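User: I am new to this structure and would like a short tour. Could you take me through a few points?
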Amino acid sequence: MATIEAYAAKNVWDPPIYAQAVKVTGAQTVLYIAGQVAYDDVGNPAHRGDFKAQARAVLQALKAQVEAGGGTIGNIVKVNTYLTDIRFRADYAPIREEFFGKKMPAHTLIAVAALALPEFLIEVEAVAVF
């Protein structure tokens, strides 16, 4: 059974919303989950122009991927989030909390010029261990 321990190095600020670092010991399975975007049931972009709906759909897809691999959202140790507009950050925080709780795993949030299709406003990739 994997042990997952969030921490921050001494003298490094430990933010309340994500872990600075995550130490994993005893893991037998590692899942690398590709960037998830908001697709509809036939593979077209879903929730065009609606960031909040896309964010929920993306995190639901991420949750589904880790569960299909045999884990839970609690097994996610690293998340990379890509936003097409940094102003979406404020809307993303409470949605992210719905899935990860008050403090999520190690997390990097990046504003990018574009994603694979112009309709996509957010993409999230992750690593899970168990």
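This is a predicted model: local features need pLDDT of at least 70, side-chain atom pairs count only at pLDDT 80 or more; totals for chains, interfaces and linings use all residues.

User: Where is Gln 54 found?
Analyst: Gln 54 belongs to helix α1, which covers residues 51-68.

User: Is Gln 54 buried or exposed?
Analyst: Gln 54 counts as buried because its relative accessible area is 0%, and the cut-off for buried is under 20%.

User: What lies 3.4 Å from a polar atom of its side chain?
Analyst: That is the backbone oxygen of Ala 46. Beyond its neighbours within four places in sequence, Gln 54 also touches other residues, including His 47, Glu 119 and Phe 120.

User: What about His 47, and where is its place?
Analyst: His 47 sits in the loop between β3 (30-36) and α1. Its phi is positive, about 55°, although the residue is not a glycine. His 47 is partly exposed, at 40% relative accessibility.

User: Which other residue has a positive value of phi?
Analyst: Asn 11, a residue other than glycine, has a phi near 70°. Asn 11 lies in the loop between β1 and β2 (21-25) and is exposed, with a relative accessible area of 77%.

User: Changing topic, what volume has the largest pocket?
Analyst: The volume of the largest pocket is about 150 Å³. Of the 13 residues lining it, Gly 74, Ile 76, Lys 103, Met 104 and Pro 105 are the closest to its centre.

User: How many of the lining residues are nonpolar?
Analyst: The lining has 11 nonpolar residues, with 1 polar and 1 charged.

Methods: Residues are numbered from 1 along each chain as its sequence is written. Side-chain values use heavy atoms; hydrogens and water are left out. Helices (H or I, at least four residues) and strands (E, at least two) are DSSP runs, numbered from the N terminus. Buried means under 20% relative accessible area, exposed over 50%, partly exposed in between (1.4 Å probe, protein chains only). A polar contact is a pair of N or O atoms within 3.5 Å; within protein, one must be able to donate a hydrogen and the other to accept it, and residues adjacent in sequence count only if both atoms are side-chain atoms. Contact means heavy atoms within 4.5 Å. On a 1 Å grid over the protein atoms alone, a cavity is a set of points where a 1.4 Å probe fits but cannot get out, and a pocket is an open set with protein on both sides within 12 Å along at least five of seven lines; lining residues have an atom within 4 Å of a point. Grid points are joined across faces, edges and corners, and a volume is the space filled by probe spheres set on the points. Ala, Val, Leu, Ile, Met, Phe, Trp, Tyr, Cys and Pro count as nonpolar, Asp, Glu, Lys and Arg as charged, and the others, Gly among them, as polar.
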